[in-house]
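Me: Could you go through this structure with me, chain by chain and contact by contact?

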Amino acid sequence: MSKPNVDEEIPIPPPVESEFPLSPAQVGMATFLCSEAAFFSTLVVAYLIYLGEDQTGPTPAESLSLTRAVINSAFLLGSSGTIMLAMNARKAKSLNGFSVWMFGTITLGVLFLVGTAYEWEELIYQDGLTIGRNLFGTTFYTLIGFHAFHVTLGLVLLTVITFLERAGRLSAKSEATELVSWYWHFVDAVWIVIFGVVYWMGT
Amino acid sequence: MRSLRKGRFRQAYWGMMRWPLALALVALSPLVLVAQTPEMFDPASPDAIEIRELFYLVLAITTLIFVLVGGALAYFIYRFRDPPGAPRDDSEPPQIYGSQPIEIAWTLAPTLIVLVLSLVVIRSVIAMRSEPPTEGTLRVRAVGHQWWWEFEYPEFGFTTANELVIPTSDADAPTPVYLQLESADVIHSFWVPKLAGKTDLVPAKTNRMRLEANAAGIYEGRCAEYCGTQHAKMLIRVTAVSPAEFEKWVADQQRSAAVAASVDAGRQIFMDQACANCHTIRGEPAIGKFGPDLTHLMSRHTIASGVLENNRTNLADWLTDPDQAKPGSRMPNMRLSPTEVKQLVDYLMTLE
Amino acid sequence: MAIAETGQSSAASPLVTQLHGWVTTVDHKRIGILYILMSLFFLVVGGVEALLIRLQLWVPNNTLIGPDTFNQLFTMHGTTMIFFVVMPMLSGFANYLVPLMIGCRDVAFPRLNALGFWLALFGGCILYTSYFTGDALYGLGSAPDVGWFAYAPLTSPAYARGGSVDYWILGTLVSGVGTLTFAVNLIATILTMRAPGMKLNQVPLFVWMMLVDAGLIIVAFPPLTAAQIMLLLDRYAGAHFFDTQAGGSAILWQHLFWFFGHPEVYIMALPAFGIISEIVPVFSRKVIFGYASMAAATAAIGFISLGVWAHHMFTVGLDDRLDAFFSAASFLIAVPTGIKIFNWTATLYGGRLQLRTPMLFALGFLGMFLIGGLTGIMLATVPVDWQVSDSYFLVAHFHYVLFGGSLFALMGGCYYWFPKATGKMLSETLGAWHFWLLFVGFNLLFGPMHIAGIMGMPRRVYTYEAGQGWDFWNQLSTIGAFIMGIGFLIFFINLVLSLRSGQKAGDDPWDAWTLEWATSSPPASYNFEQIPTVRSRRPLWDLKHPEDPDWKYE
């Protein structure tokens with residue numbers, strides 16, 4: 001029996017090219033974000049299941065402030081816009097434009113976190129809502145907490161990637177910056193869902 | 001030519017049947033040794049009978065599929081195997097890439113079977129899930145504890161443990177008992193195979209279950225959902241008695257506990273030690289709820305949730321060291337002296 | 001071949017260097033082997049646990065093993081076998097084979113790949129650390145004893161004192177994160193790194209099934225992670241997710257767990273299906289019957305398996321409509337599964353079956369998985385489930401699916417690809433002994449469990465009373481378990497002996513058709529000197545039969 005050997009000329013017709021439209025890193029990030037979506041969906045489902053099941057307050061309507069949530073959302077949604085501008089600047093090879101917009105994004109992200117911190121302070125010290133107070137507290141802090149954790153992680157990534165770009169440590173072909181922006185958009189999208197489910201429905 | 005084909009057929013037939021036959025023989029031979037009808041195939045209530053019929057139906061369908069597919073598999077292995085020692089042949093058999101009609105056929109056939117089965121199942125689920133009890137039906141609140149059962153008869157105002165007593169139900173004019181299933185701690189499951197399938201007892205949820213026995217007798221069951229250390233020793237005993245006997249039993253249970261002066265020492269120990277904190281004896285200062293109600297302890301045949309026969313020796317052993325019979329049990333070892341144990345048992349034996 | 005020589009020269013280097021090489025490796029083949037070694041290690045551990053369980057159940061009222069130790073044993077056995085035997089073994093096979101089968105040099109993210117393995121191993125270590133904590137100093141250890149699906153509220157601090165449950169949570173959580181990285185990697189690799197010419201509908205079925213498998217992992221594991229985090233918050237931060245005293249729900253845990261748990265069954269079965277789809281054609285000398293319907297059935301299984309989880313909860317007292325829906329969905333999944341069995345069986349038809357060890361395991365798989373599937377239909381019949389659920393009948397059912405199914409296939413895979421990974425053949429004689437002992441032992445162990453279950457024996461009992469008619473069946477089971485134990489012993493002897501002095505395999509010992517056989521055994525770290533170009537589903541068939549290539553028919 002003849003052993004096939006790749007060194008030999010393979011007697012088959014010329015190949016049909018099948019290029020997948022995305023690069024491995026893009027597929028990897030997209031898949032990772034899918035798993036993140038499954039994770040947040042679980043937290044949202046838990047929140048919804050327990051919504052209105054509490055015997056003791058405070059309820060979402062009593063304790064949440066839609067105004068504050070809208071302001072917070074403006075920060076985060078705005079940061080999605082600024083990171084898009086940063087990506088455009090990067091495509092146009094404007095390192096300064098990129099840096100400015102990234103700085104803007106990071107600032108808006110930090111403002112969002114500060115807003116969340118204020119909200120939590122008020123909830124804990126004025127409304128007495130803690131994670132152990134009732135089911136709303138349990139599900140609310142878990143959901144919002146994990147989102148805020150993702151925002152924090154995103155801010156670290158944004159900072160690191162900005163410094164790397166400025167230091168010229170990333171090649172022009174590197175996809176890292178673009179993928180970090182995907183992640184940031186995803187965190188933003190999760191917030192939109194949270195805004196609808198927690199703040200809009202709740203107040 | 002004819003005989004050759006016949007011979008080949010016989011060979012093929014044997015090839016096809018050899019394994020199933022051998023397997024069947026292996027599987028059936030022990031049955032002769034330990035012939036015992038499984039309880040779920042010897043039901044004593046309409047619901048359990050219905051389940052058995054359904055079981056027979058799926059068993060028939062799946063056996064048929066098993067014989068067909070398994071037979072084909074066995075036959076193909078026999079028929080197409082490369083005989084050992086056959087001359088080496090490097091040519092490949094004809095390559096068959098698939099066949100649309102065949103593939104469609106064996107997609108549709110199972111789909112149809114499955115569709116029919118689904119309809120049968122939906123019908124019987126709706127028929128068997130208990131409708132809420134109507135006026136005048138007997139209701140029992142069954143509460144699962146780690147690792148015993150509490151049975152409360154709310155209409156009659158008493159509580160008992162581990163041994164559920166129900167009146168028999170006439171098949172023509174059924175009078176089922178409705179169990180209201182709750183849990184005091186973790187998830188348990190109430191399973192008496194001769195009477196019904198199992199239903200879980202879930203904390204913070206109330207389940208309902210219809211229980212019915214067409215013949216008087218003792219029906220054994222157990223907890224079927226893992227619930228911690230002594231899950232294995234959480235047995236159920238359902239005693240079905242005639243309606244007249246049931247009424248008498250209820251009247252007996254409704255009485256407060258008997259008090260005899262001769263066992264005052266034991267009674268004192270019961271009230272002074274922690275016993276009274278966990279056990280109720282109606283009419284006495286003992287009103288604990290954590291353990292089984294002992295008002296009519298001696299009316300029960302077993303103790304420790306069906307683990308031991310209820311007699312003097314076992315009671316004494318149980319009081320001396322519960323871990324002996326049921327390690328990990330929530331019943332503490334009170335470190336009583338043998339005299340105290342004897343006095344306590346004397347007292348308990350009066351709780352008829 | 002030059003490639004083989006490089007492999008040998010590294011074998012001559014000092015042990016420390018070699019070990020360092022293995023620990024720091026990012027080569028998908030080495031990581032694959034590490035996964036499989038880890039899996040085999042835990043197989044021994046989980047197997048010994050099973051033997052202890054069987055010993056305890058040998059006679060009624062046995063006092064060999066106490067209730068607490070027994071409850072820890074079955075918890076650890078289940079958790080180990082699922083998370084640390086089957087999962088790493090399928091990860092190992094996928095890691096080793098997928099890049100070779102699709103003709104690329106490594107996975108998309110080699111370092112992430114290494115991380116995945118070390119997380120999986122670390123998870124296993126966390127789980128087993130539990131034995132050395134808490135009570136261990138003066139007792140028999142405090143391994144988790146809540147069952148592998150850890151139903152709330154048994155896991156709440158009130159009922160699970162000490163840290164044992166935390167080891168279960170963290171061990172499976174960490175390994176679950178590792179599994180996720182594996183899935184991300186696999187999807188990126190399969191979608192973007194196929195050899196030139198290999199279209200997605202031309203990948204070997206193993207690769208296709210791993211793609212669906214990875215997709216399922218991406219959807220099913222995060223909910224488990226979320227549920228486990230909720231449980232941790234309950235235990236340590238005072239949250240009330242599963243706290244029934246404060247309005248939480250014990251049922252929510254069941255929903256979340258089985259939303260992971262049922263797809264998980266298919267996550268463990270699909271790679272097995274893939275292995276069978278490689279072995280059966282090669283040893284029948286025929287192309288797989290109905291590639292397209294196989295691929296479609298796989299996708300259908302992946303999809304439907306996300307909608308059947310509550311069939312684990314028929315006794316919980318859900319709404320009738322829910323029970324009906326999940327019953328129907330569970331029946332429905334029998335259709336694509338049936339298609340697969342039919343296609344494999346049809347592949348045998350007209351072939352020339354070579355009953356070598358991999359094929360023996362594949363055929364054993366077909367028979368056992370058929371039985372497991374059919375008892376599955378019985379369990380999907382809701383009222384029947386009310387009787388046999390949580391009994392030994394159920395234990396028998398899922399062992400026919402997971403052991404007779406997944407593990408038989410994985411064993412077949414070991415025999416099939418061992419020559420590729422090591423360059424040596426496994427002994428056929430020992431292999432046949434291994435198979436037949438396993439096959440007989442398996443049926444003797446799990447066959448009687450159906451009967452014990454029907455006779456009313458619930459699962460997870462550390463002992464049972466005499467006179468129930470269960471003794472005999474339990475004794476058969478125990479005998480079967482030890483026969484299987486001997487079978488596995490022979491397997492390990494075979495591994496060691498063949499590795500030391502096995503017959504040389506050559507590049508393509510089975511005369512197979514997929515790309516992994518086109519390179520040397522073992523392959524060089526770069527897999528292929530020249531990336532092959534592909535035109536059909538069986539590139540090596542085209543090569544071997546230029547007069548009648550596959551691409552003419554596709």
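Reply: Here is a walk through the interfaces, the core and some charged pairs.

Me: Before that, what kind of model is it, and what are the ground rules?

Reply: This is a predicted model, in which local features need pLDDT of at least 70 and side-chain atom pairs count only at pLDDT 80 or more, while totals for chains, interfaces and linings use all residues. Residues are numbered from 1 along each chain as its sequence is written, chains are lettered from A and ligands numbered from 1 in the order in which they are written, and side-chain values use heavy atoms, with hydrogens and water left out.

Me: OK, which chains share the most contacts?

Reply: Chains B and C do, out of the 2 pairs of chains in contact, where contact means heavy atoms within 4.5 Å. Chain A and chain B do not touch, and their nearest C-alpha atoms are 8 Å apart.

Me: How many residues of chain C and chain B are in contact, and how much area do they bury?

Reply: On the chain C side 98 residues are in contact with 82 residues of chain B, and the two chains bury about 7,900 Å² between them, 69% of it on carbon and sulfur atoms. Buried area here is the accessible area (1.4 Å probe) that two parts lose on being put together, summed over both. C:Arg352, C:Trp386 and C:Gln387 supply 10% of the area that chain C buries against chain B, more than any other three residues.

Me: And how many salt bridges are there between chain C and chain B?

Reply: The count is 3, taking a salt bridge as a side-chain nitrogen of Lys or Arg within 4 Å of a carboxyl oxygen of Asp or Glu. One of them joins C:Glu465 and B:Arg222, at 2.7 Å from N to O. Another joins C:Arg352 and B:Asp82, at 4.0 Å from N to O, and this pair crosses from the loop between α11 (334-348) and α12 (357-380) of chain C to the loop between α2 and α3 of chain B. Helices (H or I, at least four residues) and strands (E, at least two) are DSSP runs, numbered from the N terminus.

Me: Is C:Arg352 buried or exposed?

Reply: C:Arg352 counts as buried because its relative accessible area is 18%, whereas B:Asp82 is partly exposed at 29%. The cut-offs are under 20% relative accessible area for buried, over 50% for exposed and partly exposed in between (1.4 Å probe, protein chains only).

Me: Which residues touch the most other members of the largest nonpolar core?

Reply: A:Phe140 and B:Phe190 do, in a core of 316 residues. α8(C) gives the largest share of this core, with 22 residues. A nonpolar core is a set of buried Ala, Val, Leu, Ile, Met, Phe, Trp, Tyr and Cys residues joined through side-chain atoms within 4.5 Å. Not counting residues up to four places away in sequence, A:Phe140 touches several residues, among them A:Tyr47, A:Trp120 and A:Tyr199.

Me: Back to charges: what about pairs within one chain?

Reply: C:Arg235 forms a salt bridge with C:Asp166, the closest N and O atoms being 2.7 Å apart, and the pair links helix α7 of chain C with helix α6 of chain C across 69 residues. C:Arg235 counts as buried because its relative accessibility is 10%, and C:Asp166 is buried at 7%. In chain B, the side chains of B:Arg123 and B:Glu50 meet in a salt bridge at 3.7 Å, N to O; B:Arg123 is exposed, with a relative accessible area of 52%, while B:Glu50 is partly exposed at 25%.

Me: Last one, where is C:Thr75?

Reply: C:Thr75 is in helix α4 (residues 67-101) of chain C, and it counts as buried because its relative accessibility is 0%. A polar atom of the C:Thr75 side chain lies 2.8 Å from the backbone nitrogen of C:Gly147.

Methods: A polar contact is a pair of N or O atoms within 3.5 Å; within protein, one must be able to donate a hydrogen and the other to accept it, and residues adjacent in sequence count only if both atoms are side-chain atoms.
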